[in-house]
Amino acid sequence: MKRFGLLCAIAFNSVVWQSQSYIKGQIKNTKGETIPFATIQIAKTNVGVSADENGKYELKTDLTGSIKLTASAVGFITLNRSITIVKNKSQYSQNFVLKEFAEVLNEITVTGTRTDKRSTKNPVIVNVINSATLTNVQACNLSEGLKFQTGLRVETDCQTCNYTQLRMNGLGGGYSQILINGRPIFSPLTGLYGLEQIPTNMIDRIEVVRGGGSALYGSSAIGGTVNVITKIPKMNDYSFGYTYQNIDGVSDQSISGNATVVNEERNAGISFFINNRNRNLYDANGDNFSELPQLKNSSFGTNLFFLPTDDQKIEINFSKMNEYRDGGEMVDKAPHLALQSEERTHDVYAGNIDYQINFNEGKSSLITYFASQYTGRTHYTGIYPDTPIGIQNHLANPPYGDSKTTTLQGGIQFNYKTENFIKGNTVFTVGGEYVQDDVYDEKKANKYKKEQLT
């Protein structure tokens, strides 16, 4: 009886051992050097191993059929390779050659041609201001960040309310188009105050196109285009910041916070931002009229993405901004009782949703999008009358006003490429990583090179 039990156990272990497959290989860089301690994982599973100090790995799995292996290492582009596991074969070999970021990556811009392109491949010059630069120059909002870009001039045109306009190539602000994630949802009046309403902690990068090439975005972009790209989820992280500035005893304080969450499969993520700014009135020459208005700004928003399949992506952005500013005679009265005063309250809601599907082995894509912005504004601009009848009418019917502006935009964008000549096609930027798939066709690439030479 004991002998029978032992035979059954041996038979069972033999069956389990035969059902498992072993994948071995080595991880190297493009120079042929080994990459130690790289990570190799079966996509969409928790099965993975780390390579040893020589870049060698051995992965065990009981899966069958086509599986996708993902190799990643710090400072290198993540690489995907497909391998087919069949029955009655237990040994497989799969090597990886990873490219460093510095070898193949430069800034990806979308403003020059409305499609994602490397900055070196763009037909027009696109200057990029990243979030690190905004942090280094201590910029609190978009207006302050643009002041340090060559060829741009942020002009303050009103001492009382301090509205700003962006001048490009010497043209007025009406000829400079402000985009949010590539969508022109800023109304012209919102553009005057919106430069100070967008906090820098919601910005991933700013793409700037100067000159007539930006007319791709319409007649309001003849001077140039500024495209604000909001932050996307990259990794599980959070940060908080506090900024304090002082001008002759007048304080300007900002509190900001960011948080991002990305799931283990890296096919979904969400990011949040909050910002609060308070600045007191500033009188530079002691005439009891402000040179800088009182400013209270609160904003929050979110950005999320989801990949239903390997070839589809859904991205949603939403933000809410509230701003109060008041300037003029510095008296503790209602604005219409001051000798001269301007008061503005803005409530701004902005959002967009994009759906992208890739096909033709990832070389072509179809994008549908919808974007919207709503601005509710209450305001007062006036001077206290100096005649009895004027004062009577002014007090009886103070010239307060309000306006509501809604901007809607939607469309379909189709990108098509007949060939893919770069080894490893970037399908999506997911979680801050550039992921390559092995879709290179060497014959087609060589044929293309010969045609170009002749």
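These legends go with a set of close-up views of one predicted model.

Because the model is predicted, local features need pLDDT of at least 70 and side-chain atom pairs count only at pLDDT 80 or more, while totals for chains, interfaces and linings use all residues. Residues are numbered from 1 along each chain as its sequence is written, and side-chain values use heavy atoms, with hydrogens and water left out.

**View 1. The whole chain, before zooming in.**
The chain comes to seven helices and 26 strands; helices (H or I, at least four residues) and strands (E, at least two) are DSSP runs numbered from the N terminus. Of its 454 residues, 43% are buried, where buried means under 20% relative accessible area, exposed over 50%, and partly exposed in between (1.4 Å probe, protein chains only). Take the contacts (heavy atoms within 4.5 Å) with a separation of 6 or more: 61% of them are between residues 24 or more positions apart. The chain exposes about 24,000 Å², with 54% supplied by carbon and sulfur atoms; these areas come from the Shrake-Rupley method with a 1.4 Å probe, and for residues only the protein chains shown count as cover.

**View 2. The largest nonpolar core, with 25 residues.**
A nonpolar core here is a set of buried Ala, Val, Leu, Ile, Met, Phe, Trp, Tyr and Cys residues joined through side-chain atoms within 4.5 Å. The members touching the most others are Leu-142, Leu-146, Leu-166, Ile-198, Ile-203, Ile-206 and Val-226. Elements that each give at least two residues to this core include helix 4 (142-146), strand 13 (164-168), strand 16 (224-230) and strand 22 (340-359). Strand 15 provides the largest share, three residues.

**View 3. Zooming in on Ile-203.**
Skip the neighbours within four places in sequence, and Ile-203 is in contact with Ser-131, Leu-134, Leu-142, Ile-198, Val-228, Ile-229 and Lys-231.

**View 4. Asp-252 and Arg-277, a salt bridge between distant parts of the chain.**
Side chains of opposite charge can pair when their charged atoms come close. The cut-off for a salt bridge is a side-chain nitrogen of Lys or Arg within 4 Å of a carboxyl oxygen of Asp or Glu, and the structure holds 13 of them. In this one, the closest N and O atoms are 2.8 Å apart. Asp-252 sits in strand 18 (residues 250-262) and Arg-277 in strand 19 (residues 268-279), 25 residues apart. Asp-252 is buried at a relative accessible area of 6%, and Arg-277 is buried at 5%.

The side chains of Lys-313 and Glu-315 meet in a salt bridge at 3.7 Å, N to O. Lys-313 is buried at 13% relative accessible area, and Glu-315 counts as buried at 17%. Elsewhere, salt bridges that share partners join Glu-144, Asp-252 and Arg-277 into one network.

**View 5. A nonpolar patch on the surface.**
Tyr-238, Phe-240, Ile-274, Phe-300, Phe-318 and Tyr-349 make up this patch, with about 700 Å² of accessible area together. Patches are made of residues with over 30% relative accessible area and no salt bridge: like charges are joined within 9 Å, nonpolar side chains (Val, Leu, Ile, Met, Phe, Trp, Tyr) within 5 Å. Tyr-349 belongs to strand 22 and is partly exposed, with a relative accessible area of 37%.
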